[in-house]
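This report describes selected strands, sheets and helices of one protein model. The sequence and structure are shown first.

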Amino acid sequence: MVDLDSEVPPLPPRYRFRDLLLGDQGWQSDDRVQVEFYMNENTFKERLKLFFIKNQRSSLRIRLFNFSLKLLSCFLYIIRVLLDDPKQGLGWSPIIWVNRSLPLWGLQVSVAVISLFETLLLSYLSYKGNIWEQILRIPFLLEIINAVPFIITIFWPGLRNLFIPVFLNCWLAKHALENMINDLHRAIQRTQSAMFNQVLILISTLLCLIFTCICGIQHLERAGNRLTLFDSLYFCIVTFSTVGFGDVTPRIWPSKLLVVIMICVALVVLPIQFEQLAYLWMERQKSGGNYSRHRAQTEKHVVLCVSSLKIDLLMDFLNEFYAHPRLQDYYVVILCPTEMDAQVRRVLQIPMWSQRVIYLQGSALKDQDLLRAKMDDAEACFILSSRCEVDRTAADHQTILRAWAVKDFAPNCPLYVQILKPENKFHIKFADHVVCEEEFKYAMLALNCICPATSTLITLLVHTSRGQESQQSPEQWQKMYGRCSGNEVYHINLEESTFFAEYEGKSFTYASFHAHKKFGVCLIGVRKEDNKNILLNPGPRYIMSSTDICFYINITKEENSAFKKQESNRKKHESKLSYHGASRLPVHSIIASMGTVAIDLQDTGCRTSSGPTLALPSEGGKEGRRPSIAPVLEVSDASSLQTCDLLSDQSEDETTPSDDEASAGFEYAKGYPPYSPYIGSSPTFCHLLHEKVPFCCLRLDKGCQHNYYEDAKAYGFQNKLIIVAAETAGNGLYNFIVPLRAYYRPKKELNPIVLLLDNPLDDLLRCGVTFAANMVVVDKESTMSAEEDYMADAKTIVNVQTLFRLFSSLSIITELTHPANMRFMQFRAKDCYSLALSKLEKKEREKGSNLAFMFRLPFAAGRVFSISMLDTLLYQSFVKDYMISITRLLLGLDTTPGSGFLCSMKITEEDLWIRTYARLYQKLCSSTGDIPIGVYRTESQKLTTSESQISISVEEWEDTRDTKEQTSYRSNHRNSTSSDQSDHPLLRRKSMQWARRLSRRVPRHSGKTAEKINQQRMNLYRRSERQELAELVKNRMKHLGLSPAGYDEMNDHQNTLSYILINPSPDTRLELNDIVYLIRPDPLAYVSNTAPSRKDSFCNTVGQDTREETQL
C-alpha cells in the first residue's frame, strides 16, 4: 500500500479537488496554447490610426490643431500684405515677387512644414490601396501648393520672396472645420445636427469665396491700381451684392479674369448650398427640430407623447393645461411619430400657442428623440392612447412600450398614462397616475342608472371653468346651471385655511355644514398627514386635526378668494327671501336654535336612493310654528346618529326573503367577488349568491333544464331591468356590474342586468325593453375608426335615435367617442328650442369656453357623455394629484376603509317642509351624517308644437260620436299635423295606399259596413307617425307571443329638461322631484370590532353574481 501511494504524483498547487471531480486532467499533458486577440491593432500604424482617426476625442484635438494652423497661415498672409510695399517693381514682377521679412518667412515655413507632415501622415494612415485617390484629392493638392514652395525656399534662399497663394489655406480651414464639427458631434453624442452643419457650410463657403476674391484681386492689382485690402473688400462686397458702383474696377486682364471666375463659382456653388439649406429647413419644420438643453434647464416643460395628434385632443389638452395660473410659464413639447397635419399647423402658428408649444416628430421608443425632447429634464410626461384605432388592444400595447421607454430613459420623470383596456393596466403600475378609459366609462354608465347624470356631474367637476357660461341668458335654469358648473375640487391644509381652521377638534360633519353655511363651500373629504388614502365623508365620528388636508368643492380655491362681511345688508337680504311654495313661509331662520329638539327621520335606518323622505315631526310644537331641525353636534355621540348597519340583517329585505326568492332558491350574501376578471381590479364588497349559477341559465332567450323562460317578462322580476347594449362582453363590464351590486344598496332595489350583444327589434322586445328602467348603449369599438373622424359615432347615434323613436318613454344612456356629436342625440330638426341651444353653444365656444357643449339637453340630463371628456382628468392631475383618487372613490372603482360613497335621494312632497338646500344640509348632517354635494333638477320645458303634442290616438277617434265634432276635429288635426305630413311623405303615402287597397278589396255591403270601412279609412288617414311606430311595435310583440300591455308610446321626456346644480347656494329652494347627490359615510366604519362576525360576508366559495346580475 505504501508503494502504491508513493507512485501517485503530487497535485500541482494551482489545482484543487474540485478540478479532479470535474475531470480536469490537463495538468498531466499541458498542451494548451494561449491565444491573443486583436493583434492587428498592436501594430505601429494601427496605433497611429487609433490616435489620429478612430479615437473621437484625440481626433477632435488633431483636427482643431490643423484648423488653427490654417487660420494662422491666413493671418500671416494678411500681415505680409500689410507690411508689403506694392510700389516697388515694374511690369509683372509685383505679381511674382513680394517683400517677405525673415521672421515672417520663418513662421510661414514652420507652419508649412507642420501642415505638410500632418497631411502626409493622415494620407498614409487613410491609404487603402489606391495612391492616386489620395494624391488627386483637392485638399491634398492645395496643401502641396501652399507648403512645398516654402520648403523649397529653405534649400534655395533666392526664392524666399516668391509669391505663394497662402490665402488658399482658407479652403483647407473650411474642410478642417467640417471634419472637426463631425468629430465634435460624435464626441458629445449630439444628434439631429444636419441643419447646423448645413448653415455652417454655407457661411464658411461664402466667407472663403469673399476672402479668396479679396486676396486675389489685391495681389493681381499690385501690377495695376495697387489696391489695398480694404479697397479689395469694398470691391468684392459691391460686386457680389450686384450693386456695382464702378468707382473701383480691376485694371489688368488677370484680375478681370479672376473676377469672372469667382462670379461663376459663386453662381454655381451658392445656389446649391441655399437649396440644401432650404430642404433641410423644410425637413426640420416637419420634424420640429430640438428643444435645447439650455432651455430645458432654465425653463419648465412637459412632454406630450401621442401616436397621432388630432386637433380636438390638442386643444383639449392646451385649454385645460393652461387654465391653471401657475402653469402659464410652462412649455409643452409634443412628441409624435406622424407629420403635423394642416389643422394642427395652423393652430400652432397662432401667437398664443407658437410661443408655448413645440412640435417634434419622433418616436418615444428612440433615445435620440427622447433626448431631443429633453425628457430627463421634463416636469412630467403625458402618454395618451389612440382611442380611434381599430385594434384597441394594439393601441394599449403601443402605450405600454412608450411608458417603458420613457421610464428607462428618464426614471425620475413623473408619468401620466392613459390606457384603454383594464386588463393592460397592470403593465404600467409604476406610472405616477393612470386613467383606464373602460373602467371609468362603465362605472359612470352604471352610476347613471342609480344616480341620474353622474357622468355630467363628474365631467363638470374635472373641467376647469369660472362658472361664467350663459350668465347673460334670459333663462334662469341656464344661469344657475352655468354658474354651478364652475365648481371644482380643491385642497388646503386645515391650519392654513380660513374656511376650516376654526373647526379643529370638531367633527367632520360639523365642519362641513358650518363651512357651507358660512362660506358656501362643500367639504367632502380629508386626508391625514401620515396617510396617503383620501377619505370621502369619514362621518361625524371623525375629528378634524390641524394637519389634515381638506378637500372641498367651490367656485375657486381659497387662496384666490376675498372675504367681506356684509352685516349691514344681511337683514335686508333675509327679509327679501320668501318661500315660493304653497305655504309661503319666510326663510330668515334657516338654522334652528340650540334649544330645538332633534327630529327623527322617517325610515332613516336604511334610506334608499328611490324613496327616502324627510318627514315632518309628529310633535311640531305650537300650531303655526315652523318645523325645526336638530343642530349639528361638534362632537357626535352614538345616540345622535341613525346609521344603517348593512352587515347585520336588520332590514326587512335581509331577514325575510320574498316569495319569489324563496321559490327560486336564491340565497344572497355580502362579500367580495371570488374571481377578478383582470389583474389590478379593486375588490369591492357587494351582493353575491351562495351558489354559482350554471352557464346555461345565463342565456335569457333560451330555456334550459333548470328553467324554461325565454323572455324577460316570464322571469317576473320585481324591479325594472337595466339593459346594456354592447358589442362584446369585455372585462370592463365588471366595473358596470359591481357598482349596481354594491353592499350598501338594499337587496330589494337591485335591478336585473341584461347584456344585449346585438339589438334587433325582436331581441329588444324579448329582453324586456318595454318595462326597462334604463338602457345603456356602449359605443362599439368596431365603429370607432372611420375615414372621417367624426363619423365614428354614426352607427351608435342612428341606433339610439331609432330606439328613441320606437320607445320614447325609455331612458337611454349613451356613450360617444366625440363630444361634438352629442348634438345629434334625440335629434329633432324643427325643434326651435334645440336650435336656440345650438346658437348658445356657438356663442359660448366663441367666448373660449371649455364646456360649450354643456347646455345640450341630453348632456345636461346625463343621457349622453363622451369618455374623451375625461381626458381632462389626467391633465388636471398634474396640478391636483388627488383628482384621480377622488373620482375613483366617487365612482366606486376604489374602496377605502372609512371612506363614504356616492348615492342619491329624491325630494318628495313629504320632504318639501325642508324648503331650502341649507336646511337639507343641516338635516342630513345632524341625522345620518350625509354630505349633499349637488341637486339634479327636472323642469317642464316650454316647447313649440312637437310630434308628441300632435299625436291623436285611434281610440279617441272611435269614441267620438258627434259629426260636427268630427268635422272640427278633422280640420284642427290637419292643421296641427301638416308639418308631420310634409316631414314624412313616404309614410303618409304608404298609409293612404294601404287605406285605398283596403277599400278596393272589401266588397260593399250594407250601410253599417260601409260606414265602418269609411271610419277605418279616416282612422288610418289621421294616424300620426308616432302611432304608426306604436302599431309596429305592438304587432311585433304579438307576433313574438309577448303582451303589449307594458308598452306606453305616449309617455316621453320631450316636455322636460334636466340639469345639475353642483354645490348650490344655501338659500336655493328645493323643488318637487329634485334628486340630491349625497356622499354617505361608510357603514362599515361604525361596526364595532367586537361585534359578531359578519353574516356570510366572507363568502369564500360564493360563485359569481346571479341571474339577476348578468341576464344574457
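Buried denotes under 20% relative accessible area, exposed over 50%, and partly exposed the range in between, with a 1.4 Å probe and protein chains only. In a regular strand the side chains alternate between the two faces of the sheet. Helices (H or I, at least four residues) and strands (E, at least two) are DSSP runs, numbered from the N terminus.

Ala725 has Leu756 of strand 14 as its bridge partner. Together with helix 27 (residues 734–740), strand 13 and strand 14 form a right-handed β-α-β unit. A crossover is called right-handed if, with the strands pointing away from the viewer, the path from the first strand over the helix to the second runs clockwise.

## Basis of the description

Residues are numbered from 1 along each chain as its sequence is written, and side-chain values use heavy atoms, with hydrogens and water left out. As the model is predicted, local features need pLDDT of at least 70 and side-chain atom pairs count only at pLDDT 80 or more, while totals for chains, interfaces and linings use all residues.

Strand 16 (residues 812–816) pairs with strand 17 in the parallel sense over 3 bridges, and Leu816 has Ser866 as its bridge partner in strand 17.

Axes here are lines fitted to C-alpha atoms, for helices over the stretch in contact, and angles run from 0 to 180 degrees between N-to-C directions.

## Helix 19 against helix 20

The axes of helix 19 (residues 437–450) and helix 20 (residues 454–462) come within 7 Å and cross at roughly 125°. The two helices are therefore oblique to each other: angles under 35 degrees count as roughly parallel, over 145 as roughly antiparallel, 65 to 115 as roughly perpendicular and the rest as oblique.

Met444, Leu447 and Asn448 of helix 19 meet Thr454, Ser455 and Ile458 of helix 20, where contact means heavy atoms within 4.5 Å. By class, this contact of helix 19 with helix 20 has 3 nonpolar, 3 polar and no charged residues. Ala, Val, Leu, Ile, Met, Phe, Trp, Tyr, Cys and Pro count as nonpolar, Asp, Glu, Lys and Arg as charged, and the others, Gly among them, as polar.

## Strand 4 and its partners

Strand 4 (residues 380–383) is covered on both faces: Ala380 and Phe382 on one side and Cys381 and Ile383 on the other are all buried. With strand 1 (residues 301–305), strand 4 pairs in the parallel sense over 4 bridges, and Val303 has Cys381 as its bridge partner.

The pairing of strand 4 with strand 5 (residues 415–419) is also parallel, over 3 bridges; here Ile383 stands opposite Val417. Strand 4, helix 18 (residues 392–409) and strand 5 make a right-handed β-α-β unit.

Strand 18 and strand 21 pair in the antiparallel sense over 6 bridges, and the bridge partner of Lys906 in strand 21 is Ile1075.

Of the 11 residues in helix 34 (residues 917–927), 11 are buried, among them Arg919 and Lys923. The elements covering these residues include helix 22 (508–519), strand 8 (522–527), strand 18 (901–906), strand 19 (931–940) and strand 21 (1075–1080). Gly929, which follows helix 34, has a positive phi near 80°.

Note on methods: Two strands pair if DSSP finds at least two bridges between them.
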